[in-house]
Amino acid sequence: VPASSIGFLPPDEHMTAEHQAEIKAIVEQDIAAYDVMLHAMLPDYYWTGKQVQKLAYLCLIATKLLGKSAAVTSGCVGKLERALGCVVNHGECEKGPPALRYDESWGGVVSSGGLSGDLDDMISTDFGNALYNDHHYHFGYFVVSAAVLAYMQPQWAANKTNKAFVETLIRDVSTSADDDPHFPPFRSFSWMDGHSWSRGIIPSNDGKDAESVSEEMNWHFGLCMWGKVMGDSALEALGTTMLHMASASIREYFLMSPDNGNHPAAFVKNRVSGILFENKVDYATWFGDNTEYIHGIQMLPVTPALPLMRTREFVYHEWTDRLSDLPI
């Protein structure tokens with residue numbers, strides 16, 4: 001599927017009436033149970049972003065199955081507006097991630113929660129956000145969620161504060177302007193390597209690294225969809241280009257089909273690279289060595305952009321060779 005034809009939701013021509021009824025019941029239940037303060041307002045941007053995008057997709061599915069004017073859908077959109085409002089207007093809510101601050105040294109917006117303490121404290125707080133680690137992962141969830149809300153409630157994006165917040169996140173990670181006085185162009189993305197790198201300015205003998213390529217794809221997907229909803233054809237084209245380039249590179253270096261020639265044959269059998277550094281590769285994750293961790297981190301979040309990198313052939317071999325026998 002070309003990235004230019006991707007929407008918020010995948011095609012549903014194979015969804016039966018029975019499946020629709022089942023999903024509809026689950027969506028209604030999940031939206032009713034979703035408490036913004038309890039579930040979304042967490043003390044860091046990564047986990048907050050995940051929960052906000054989850055809510056955004058509940059709203060999209062409710063719109064699809066129940067209708068935009070349904071009370072359940074309206075209630076969901078209200079919760080999504082509340083969740084994003086807590087982040088955009090820091091201090092408006094009693095809980096949530098720390099305020100973002102502009103860093104004049106490196107030119108970027110960072111979590112203020114990691115701006116104190118020694119280097120170890122800065123690395124461990126908010127997953128190193130203050131040191132520019134994983135900004136494309138963290139902020140991608142908010143850009144996608146904002147695009148969903150702008151699609152469902154255009155007046156939200158017409159608000160100058162809301163629009164400026166989203167576009168500041170975009171500039172922080174992927175400004176394309178060489179003369180932007182506040183942000184460097186393409187902080188995370190390497191046009192030579194064809195994908196993004198994590199680690200920010202954290203020193204490492206093994207160089208920068210990349211682990212969750214599905215979260216990278218979520219960032220590019222967010223650019224594409226925010227540009228599409230806002231009528232910004234240049235940003236939509238940029239997101240589309242980066243989606244295609246990243247997916248091609250990911251299929252070469254991260255998600256390995258049997259004919260992959262970029263890694264040793266014995267390593268290719270793992271089907272995913274794990275953590276790819278500039279100087280080495282580890283079949284592992286930063287949070288554990290379980291097989292389901294190593295593969296699962298390359299699957300989430302699920303969006304229509306995911307099949308660009310996770311082809312039907314790759315999924316078949318990954319399942320057959322590595323996942324089908326797991327006791328889960």
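**Close-up 1. Contact between helices H8 and H9.** In H8, Lys163, Val166, Glu167, Leu169, Ile170, Val173 and Ser174 meet Trp219, Leu223, Trp226 and Met230 of H9, where contact means heavy atoms within 4.5 Å. These residues of the contact of H8 with H9 divide into eight nonpolar, one polar and two charged; Ala, Val, Leu, Ile, Met, Phe, Trp, Tyr, Cys and Pro count as nonpolar, Asp, Glu, Lys and Arg as charged, and the others, Gly among them, as polar. The structure is a predicted model, in which local features need pLDDT of at least 70, side-chain atom pairs count only at pLDDT 80 or more, and totals for chains, interfaces and linings use all residues. Residues are numbered from 1 along each chain as its sequence is written, and side-chain values use heavy atoms, with hydrogens and water left out.

**Close-up 2. Geometry of H8 and H9.** Two packed helices are described by the angle between their axes and the distance between the axes. H8 and helix H9 (residues 213–230) pack at an angle of about 140°, and their axes are 12 Å apart. H8 and H9 are therefore oblique to each other; angles under 35 degrees count as roughly parallel, over 145 as roughly antiparallel, 65 to 115 as roughly perpendicular and the rest as oblique. The crossing of H8 past H9 is left-handed.

**Close-up 3. Helices H6 and H8.** Helix H6 (residues 135–152) and helix H8 (residues 160–174) have axes that come within 10 Å and cross at roughly 150°. That makes H6 roughly antiparallel to H8. H6 and H8 also cross in a left-handed manner. His135, His136, Phe139, Phe142, Val143 and Ala146 of H6 meet Val166, Leu169, Ile170, Asp172 and Val173 of H8. By class, this contact has eight nonpolar, two polar and one charged residues.

**Close-up 4. The disulfide of Cys59 and Cys76.** A disulfide is a covalent bond between the sulfur atoms of two cysteines, assigned here to a pair of cysteine sulfur atoms within 2.5 Å. The sulfur atoms of Cys59 and Cys76 are 2.2 Å apart. This pair links distant parts of the chain, with Cys59 in helix H3 (residues 45–66) and Cys76 in helix H4 (residues 71–88), 17 residues apart. Cys59 and Cys76 are both buried (under 20% relative accessible area, 1.4 Å probe, protein chains only).

**Close-up 5. The disulfide of Cys86 and Cys93.** In this disulfide, the sulfur atoms of Cys86 and Cys93 lie 1.9 Å apart. The torsion about the S-S bond is about -70°, so the disulfide of Cys86 and Cys93 is left-handed. Cys86 and Cys93 are both buried.

Note on methods. Axes are lines fitted to C-alpha atoms, for helices over the stretch in contact, and angles run from 0 to 180 degrees between N-to-C directions. Helices (H or I, at least four residues) and strands (E, at least two) are DSSP runs, numbered from the N terminus. A crossing is left-handed if the near helix is turned anticlockwise from the far one by less than a right angle, and right-handed if clockwise. Buried means under 20% relative accessible area, exposed over 50%, partly exposed in between (1.4 Å probe, protein chains only).
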